[in-house]
Amino acid sequence: MKHSTLARTVKLGISSLLLHKLRSLLTTLGVLFGTSSVIAMLAIGEGASEEAQEQIRQLGSRNVILRSVKPREDFATGGGQSVRVLSYGLTEEDLGRIAETFPGVARVVPVREIYEEVRFSDRMLNPRVMATLPVYRDVTGRVVSEGRFLTDQDEVGVANVCVLSYEASRYLFPVASPIGEEIKIGADYYTVVGTTLDRVRQQSDLAGAGKSSAEVFIPLETGRKWYGNMQVKLRAGSREMEEVELHEIVVEVEDPANVEFVANACREMLKRNHKQSDYEIVVPLELLMRAEETKRIFNIVLGSIASISLLVGGIGIMNVMLATVTERTREIGIRRALGAKRHHIVSQFLVECVVLSVGGGLLGVALGLATPLVVEHYAEMRTIITPTAPILAFLISSGVGVLFGIYPAWRAATMDPVEALRHE
Amino acid sequence: MSEAARVPVAELIGVTREYRMGQNLVRALDDFSFTFGRGEYWAVMGSSGSGKSTLLNVLGCVDRPTSGDYKVDGVSTARLDDDELSELRSRKLGFVFQSYNLIPQLNVLENIMVPLFYQDDPPDDGEERARKLAERVGLARRLDHRPAELSGGQQQRVAIARALVNQPALVLADEATGNLDSATALEILDLFDELHAEGRTIVLVTHELDVGERAQHVLRLKDGRIESVARGQRSAAGARA
């Protein structure tokens, strides 16, 4: 019996709302857009932060990365045409200190960058050419897709071999497998022995010759032997000599809990031994924590926007319902005269509010689920719809209907039947 | 009459109803006592402001006396709360209004059934009853029409069917023919006559003399008091002061 009463009330509510289709539709818009924007924004935000976190995670959350940075030129550059030699950056000495004296450090990997072009037949690329040790793969979590990575034999034998990243191999060898082919780095020939997967699957697939994640790895010893510390960098017509011992040192910490401690130790050590600030320290874990903090703030902001928009939607519903109650005063009087109790009137109007807000909520969920797809397609952004978002948005929008329906329904129910019947 | 042995349908005992109109206190019913017997057909007449509408509202349990007691079918209403009064309306009373007052979004059948919706324990045969009543008032073929699709006379017939669906002890009609042309009004009055013949108790408020004269008895009000009581032809003529 109770069940059919509710069904009848809902049916009556819907037919009352259908009496004013446009008004009902407009009333639901507030909740509709509130709900859909929450879901869409949440999906886009979640996607963006997931992507950022993915990138950071790939740097290695147990790693501390030290990089050489060209110091700011605070001295006057006289003339301009003379060839300057800039000496800066991390040194072998730094590497040794970290490896030998720092507690809690598992592995230390040096990287030298070689400023040379890479060619294969008529194709030319400007990748990041890195001379490094075989452990680099482990420490940074590179995945070999074909062939092998650098080995200790390569290192000992100062072999002219190289490993290409996916991006680099795809550009230089669009069709055939690169394994066994000889490519030219600067003036020397290297045999390709393997390829790695790209670290971050980004939207950089667009650009063919993009430098973005094109990487070429050669043995550290080979790099030292053939290119030395002094390198020429061509820059906007002028030539610049640079002397950099190591471009990057990746420090892997044994226990993730010690990452911060090791990072601080590195910072202290570098501060003591470098006269100028020609280095930077990147701590992926810190970045990760910062990214999480950013996400938390983003969620708070989003939550506020969502509550405001749902509040506005709710007020819209309340406004229309108050007008409806006034408009239907006579109907309320009739129903009361025919025996309707106060709770019947309350539920009648409350049900209409809930139908409005639930209807708006459902449409909003549909729109909110569709928007990220469109965004993903056109803006090429990653979006993630967590299952809780639409459920939560829907529940809240229904709650809004109840909350903002209470007052109009109460107004309707407490009318004096005699007065209501007299109302024209 | 054998009615004396039975419980009266509606019994007003010293009912006073006062309104506040701005600064003034208006006494719409003044120490009003009267009994409507079972199966009687009364017309309540009087000029506007005589208290006839207030009397109808009190009889219909939509208004409460300021003092005094009102018993419906033997049940005292003085101590009932709002819900209990509502339940009483949905079980014991039937309303027919001047402007029909059907609910626009419901069809004929649903409109007839409205009083049953609000009963705490609605009967299972509600729809069957409503169909029979629709047939009784000649609207069996229009069950799924909306009020807007019906003429005034048809709407009033639906309203009468609605007033009967809960098998009320008392049918109250407020200027039930006031919005109808004279031919249709006569049809409706014929319907009331039939209901009376079936043994219904009817109280009809009107200010039209010819409508009042159709009733079995006429109760005239003035200033919230009984002015005169005229017994119809079928009962002994006389006054009850």
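A crossing of two helices is left-handed if the near helix is turned anticlockwise from the far one by less than a right angle, and right-handed if clockwise. Helices (H or I, at least four residues) are DSSP runs, numbered from the N terminus. The structure is a predicted model, in which local features need pLDDT of at least 70, side-chain atom pairs count only at pLDDT 80 or more, and totals for chains, interfaces and linings use all residues. Residues are numbered from 1 along each chain as its sequence is written, chains are lettered from A in the order in which they are written, and side-chain values use heavy atoms, with hydrogens and water left out.

**View 1. Helices α5 and α6 of chain B.** Helix α5 (residues 152-164) of chain B packs against helix α6 (residues 182-197) of chain B at an angle of about 20 degrees, and their axes are 10 Å apart. Axes are lines fitted to C-alpha atoms, for helices over the stretch in contact, and angles run from 0 to 180 degrees between N-to-C directions. The angle makes α5(B) roughly parallel to α6(B); angles under 35 degrees count as roughly parallel, over 145 as roughly antiparallel, 65 to 115 as roughly perpendicular and the rest as oblique. α5(B) and α6(B) cross in a right-handed sense. In the contact (heavy atoms within 4.5 Å), α5(B) contributes B:G153, B:Q156, B:R157, B:I160 and B:L164, and α6(B) contributes B:T184, B:E187, B:I188, B:L191, B:F192 and B:L195. These comprise six nonpolar, three polar and two charged residues, where Ala, Val, Leu, Ile, Met, Phe, Trp, Tyr, Cys and Pro count as nonpolar, Asp, Glu, Lys and Arg as charged, and the others, Gly among them, as polar.

**View 2. Helices α3 and α4 of chain B.** The axes of helix α3 (residues 108-117) of chain B and helix α4 (residues 126-136) of chain B come within 9 Å, crossing at roughly 125 degrees. α3(B) and α4(B) are therefore oblique to each other, and their crossing is right-handed.

**View 3. Helices α2 and α12 of chain A.** Helix α2 (residues 21-59) of chain A and helix α12 (residues 388-413) of chain A have axes 10 Å apart and pack at an angle of about 155 degrees. The two helices, α2(A) and α12(A), are therefore roughly antiparallel to each other. On α2(A), A:V31, A:T35, A:I39 and A:L42 meet A:A389, A:P390, A:A393 and A:S397 of α12(A). The contact of α2(A) with α12(A) has six nonpolar, two polar and no charged residues.

**View 4. The interface of chains A and B.** Contacts join 26 residues of chain A to 25 residues of chain B. The two chains bury about 2300 Å² between them, 57% of it on carbon and sulfur atoms; buried area is the accessible area (1.4 Å probe) that two parts lose on being put together, summed over both. A:R335, A:L338 and A:K341 supply 27% of the area that chain A buries against chain B, more than any other three residues.
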